[in-house]
Amino acid sequence: MTEAGPLLAVQGIRKRFGDFEAVRGLSFEVRAGEVFGFLGPNGAGKTTSLRMLMNITRPDAGSVTFMGGPVMDRRLVGYLPEERGLFEDATLIDTLVYLGTLRGMSRADARAEGKRWLERLGFTERLTARLNTLSKGNQQKVQFLGAVIHRPALAVLDEPFSGLDPLNQELFLDLIGELRARGAAVLLSAHQLTLAERLCDRLLLIANGAELLSGTLDEIRLRAAGGASEEVKLELRRGAGGGSGDPVAAVARVAPGVECRAGEEREGLVTLDVALPAGSDLGPLLAELARAWRIERISTSALSLHEIYVRAVRGADPAAAAAPLAPAGEPEAHHA
Amino acid sequence: MRSRFREWVPVAGWEIKRMLMRTDFVVSTLLVPVLLVGMSFVVGWIKARDAKRVRAIAVVRYDAAGAVTGDSLPPLAGYRWLTPRGDSASAEALAAVIKRGGKGAVEGAVLLPAGFARGDTVRFVVQREGAGWKSRVERHVATLARLERAAGHPVGVAEFAAFTDTIRTTERVADPRVGTSGADRAAALIMAVVLVMAVFGTNMYLAIGISAEKQSRVTEVIVSAISPQSWIDGKIVAYTLIGLAQPVIWTVGGVVAAMLMSWTLPAALNPWTLGVFALYMLIGFVFFVSLFSLVLATVKDLQSTSKLQAYLIFLPMMPFMFLDTAIESPDATWLAVLSQVPAFSPTLIPIRVAMGGAQPWEVALGLVLLAAAAWYMRKAAGTAFRVGMLMYGKELTLPELVRWSKEA
């Protein structure tokens with residue numbers, strides 16, 4: 001594997017069950033240090049694809065290469081399947097030691113690492129408790145630990161957030177973020193699109209076993225918008241030091257040629273409407289405005305991942321199109 | 001690629017650990033030797049008590065006129081003869097006394113007419129049918145009758161007794177073979193029975209062990225970490241050790257019990273034969289565990305174990321149908337052929353060896369075929385598990401079996 005090469009490369013994989021083609025020529029790559037979102041509606045072929053990547057089932061066609069080779073070193077991969085469970089009568093620490101040793105760890109290392117993780121997640125007093133005494137959410141934490149205890153280079157997580165309460169979802173976001181921070185690649189399948197939006201560096205959206213959209217979130221937004229501009233509405237207040245200058249001119253300095261209109265100033269508050277090309281980076285614009293103004297409120301007409309997902313999937317699946325559409329294109333508010 | 005050894009060893013260790021945590025397994029394994037040793041103490045105590053016990057038996061002898069003579073019988077170890085007279089010597093009076101029973105009471109009575117040695121009927125009075133003392137006393141009276149008959153002939157008692165001497169014989173074995181002593185034959189039969197018991201006993205635990213991951217939905221996690229073949233190999237190793245541990249512990253318990261009961265252990269066991277028996281038992285057990293693993297790998301849970309498995313469980317018992325022939329004609333051609341079938345060889349070949357009916361090449365060929373069959377079964381079990389492992393919540397259908405066999 002070269003330095004810049006993908007950790008996992010999937011090329012044209014297909015899988016058929018009788019007359020039904022579950023996966024139709026999917027191709028994608030996952031790189032070290034990124035979270036790759038693998039999204040799609042129920043029955044889109046996500047789990048079947050992940051099972052092929054993990055060599056649990058074999059593709060009818062196509063190839064999967066890991067670190068440039070055709071054989072996946074199971075010690076370097078962690079897998080949290082959608083269809084998951086635990087040995088309910090086993091203890092927490094025994095389960096982690098077992099799963100660790102299956103991934104090539106020594107018993108001592110697996111015990112030490114398992115103990116460290118369990119203590120960190122608040123199970124200090126329950127190391128030798130049986131798994132069937134834990135709540136579903138806590139069992140899911142142990143399942144997650146079982147998938148990553150051996151510090152894999154690639155973690156394949158199929159619906160890791162399902163069944164978790166918001167606090168535990170945040171915990172899992174942090175844990176997955178930590179995997180990425182230490183250079184691991186994470187292949188994530190999830191239905192919680194707001195979480196995926198926050199976490200994923202790149203995304204692949206599939207339906208009926210085939211690719212619909214792929215790329216970074218901005219690239220996907222750009223494509224989903226079909227070239228239309230993105231409306232950004234800002235409320236600016238003169239700062240204590242006194243705002244100065246024309247906000248329209250400030251916009252023109254960083255984004256020349258874009259359509260921009262300022263409203264009347266009322267009690268020190270100015271509204272600004274900017275029509276940016278879809279997928280534009282708002283960072284430079286905000287930085288320029290913040291030099292003279294305090295940004296009180298921003299709203300944007302940029303499509304959320306949820307909206308992109310619904311539109312794309314309904315476009316690809318006529319049956320889904322019959323369902324009522326959720327309000328789309330409504331500005332999503334962010335407080336500064 | 002990581003060595004298979006490092007993959008299946010944790011699986012085997014995990015299965016053994018989980019089995020040792022099962023109360024029913026530990027109890028059933030340890031209970032048998034504890035019971036055997038406990039029973040040996042009880043039997044030993046009863047025997048010691050019996051050895052000290054002296055039975056009181058009433059002896060009533062009549063003269064030719066039918067009057068009670070007051071004579072007794074010659075002494076017999078463990079028995080005390082009482083000689084009632086008058087009314088108490090009648091069969092009815094004796095029956096009443098014997099019926100009452102009680103500690104130190106008269107246990108029975110024997111009434112001997114004057115012509116008991118010439119065909120007159122000897123009457124016994126017993127408390128219940130099947131009294132243990134009766135046959136012993138009957139033999140004693142029969143000896144007395146023979147002596148009385150001899151006294152009526154012009155031969156001495158000693159000469160007459162010589163008439164009943166047994167003959168002396170010697171035997172020359174034209175085709176001597178090792179390992180055919182009575183002890184070897186007993187060992188072969190015991191091993192066959194123990195193998196069948198062990199297979200039966202292990203089958204339930206194996207079913208639990210094979211279907212456990214499927215039922216607890218851990219299958220995908222396991223086979224994403226190791227190959228399905230390593231997974232099934234670990235199970236086969238674990239359940240072979242678990243299955244054989246029970247008979248080994250039971251045998252040790254039996255030997256200890258036998259020693260406590262002062263039974264003489266056979267000294268004529270041939271080490272070479274014992275080695276062959278042990279090899280057949282070990283590889284035979286691996287074969288059966290692999291065969292059942294193959295069947296169990298296709299089921300989704302314990303409740304849906306197929307009829308096929310129910311029939312297969314009787315496979316190790318089938319050779320017992322040919323046991324008579326194996327003992328009487330161990331070198332019969334059809335039996336020689338049948339004993340090469342892997343499902344039958346672990347029991348039939350050791351028995352034929354002990355009966356002197358199996359040539360060394362047959363023993364070697366049987367072992368090779370058995371080992372090859374065990375190897376194939378474990379591979380087939382691995383394939384069946386790989387293809388069928390994601391079969392949750394649905395029954396196995398014929399089209400699926402066909403699809404699996406294609407994939408295998």
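Helix packing, a buried strand and a chain contact

Student: What makes the packing of helix 2 of chain A against helix 3 of chain A oblique?

Tutor: Helix 2 (residues 92–102) of chain A and helix 3 (residues 107–120) of chain A pack at an angle of about 130 degrees, with their axes 8 Å apart; axes are lines fitted to C-alpha atoms, for helices over the stretch in contact, and angles run from 0 to 180 degrees between N-to-C directions. Angles under 35 degrees count as roughly parallel, over 145 as roughly antiparallel, 65 to 115 as roughly perpendicular and the rest as oblique, and the two helices are therefore oblique to each other. This is a predicted model, in which local features need pLDDT of at least 70 and side-chain atom pairs count only at pLDDT 80 or more, while totals for chains, interfaces and linings use all residues. Residues are numbered from 1 along each chain as its sequence is written, and chains are lettered from A and ligands numbered from 1 in the order in which they are written.

Student: Which residues of helix 2 of chain A and helix 3 of chain A make that contact?

Tutor: Two residues are in contact if their C-beta atoms, placed from the backbone, lie within 7 Å. Helix 2 of chain A contributes residues including A:Leu92, A:Leu96 and A:Gly100, and helix 3 of chain A residues including A:Ala110, A:Glu113 and A:Leu118.

Student: Why is strand 3 of chain A called mostly covered?

Tutor: A residue is buried if 20 or more other C-beta atoms lie within 10 Å of its own, exposed if 12 or fewer, and partly exposed in between. In strand 3 (residues 35–39) of chain A, five of its five residues are buried. A:Val35, A:Gly37 and A:Leu39 point one way from the strand, A:Phe36 and A:Phe38 the other way, and all are buried.

Student: How do you know that strand 3 of chain A pairs with strand 7 of chain A and with strand 8 of chain A?

Tutor: Two strands pair if DSSP finds at least two bridges between them. Strand 3 of chain A has four bridges, in the parallel sense, with strand 7 (residues 185–189) of chain A, where A:Leu188 is the bridge partner of A:Gly37. Strand 3 of chain A also has four bridges, again in the parallel sense, with strand 8 (residues 202–207) of chain A, where A:Leu205 is the bridge partner of A:Leu39.

Student: How many residues does each chain give to the contact of chain A with chain B?

Tutor: Chain A gives 20 residues and chain B gives 16 residues, and helix 2 of chain A gives the most to the side of chain A, with four residues.
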